[in-house]
Amino acid sequence: MKLYSLMLSGHAHRVRLFLSLLGQPFETVEVDFAGGQNRSPDFLAINAFGQVPVLDDAGVIVPDSNAILVYLAKKLGRGDWLPEDAEGAARVQRWLSVAAGPIANGPCAARLVTLFGARFDAAEVIARAHQILALIDAELSARDWLAAERPTIADVALYSYIAAAPEGNVDLAAYGHVRAWLARIEALPGYVALPTSLVGLNATGGSA
């Protein structure tokens, strides 16, 4: 398997993390965004959106981080990470939608402001981040994992941008259940971290 990636991308990190948790060998191809490689004809041929990650599994091309998580769980027969029963699969899908919606528009967007100079309203996206984090913290007050009694791709999909939220000036101090959940993921065999960037709260060592 070949993964087209950007080391600082939380979307790409989701896939790297899952592949590592599965113990699945893969080759990483770092895409040069600064040099415009993601807009080259060759790259657009595998993902017309010009985004990472993209998985190439012996010629089967799968763009989109959440789609790749589903593909890997199905391809590798890992029903422990993506339940086969209707109710269990629906629980996971609920959180994949959260990853693509409130997480992307909250902690992810806030980090894009500080790390890449994205032109979002910082106060607005930070407020969105706290709104979804409060909801997730309440959900995790009653259980260890988001969608099941064990970790699933739902946890993988949400992990990266929540763990990196302080880089976008989103303080996690008030969310004890979320912080405990992050620690549980980080204790899983095969865990790999998203590289830390000294921006936002990480640059000051303080709280927002």
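I began with Asp-57, which has a relative accessibility of 9% and therefore counts as buried, the cut-off being under 20%. I note here that the model I am reading is a predicted one.

I then looked up the partner of Asp-57 and found that its side chain forms a salt bridge with Lys-75, with 2.6 Å between the closest N and O atoms. Asp-57 sits in strand β3 (residues 54-57) and Lys-75 in helix α3 (residues 65-75), so this pair ties together parts that are 18 residues apart in sequence.

Next I turned to Glu-139, which forms a salt bridge with Arg-94, the closest N and O atoms being 3.1 Å apart. Because Glu-139 lies in helix α5 (residues 122-139) and Arg-94 in helix α4 (residues 86-116), the pair ties together parts that are 45 residues apart in sequence. I recorded Arg-94 as partly exposed, at 43% relative accessibility.

Within helix α5 I checked Arg-128 and Glu-124, which lie 4 residues apart, about one turn of the helix, and whose side chains meet in a salt bridge at 2.4 Å, N to O.

Last, I asked which residues are linked in a network of salt bridges. I found Arg-78, Asp-80 and Arg-150 linked in this way. For the structure as a whole, I noted a count of 10 salt bridges.

Definitions and conventions:
Residues numbered from 1 in each chain as written. Predicted model: local features only at pLDDT ≥ 70, side-chain atom pairs only at ≥ 80, totals over all residues. Heavy atoms only, no water. Salt bridge = Lys/Arg side-chain N within 4 Å of Asp/Glu carboxyl O. Helix = DSSP H or I, 4+ residues; strand = E, 2+ residues; numbered from the N terminus. Buried < 20%, exposed > 50% of the residue type's maximum accessible area, 1.4 Å probe, protein only.
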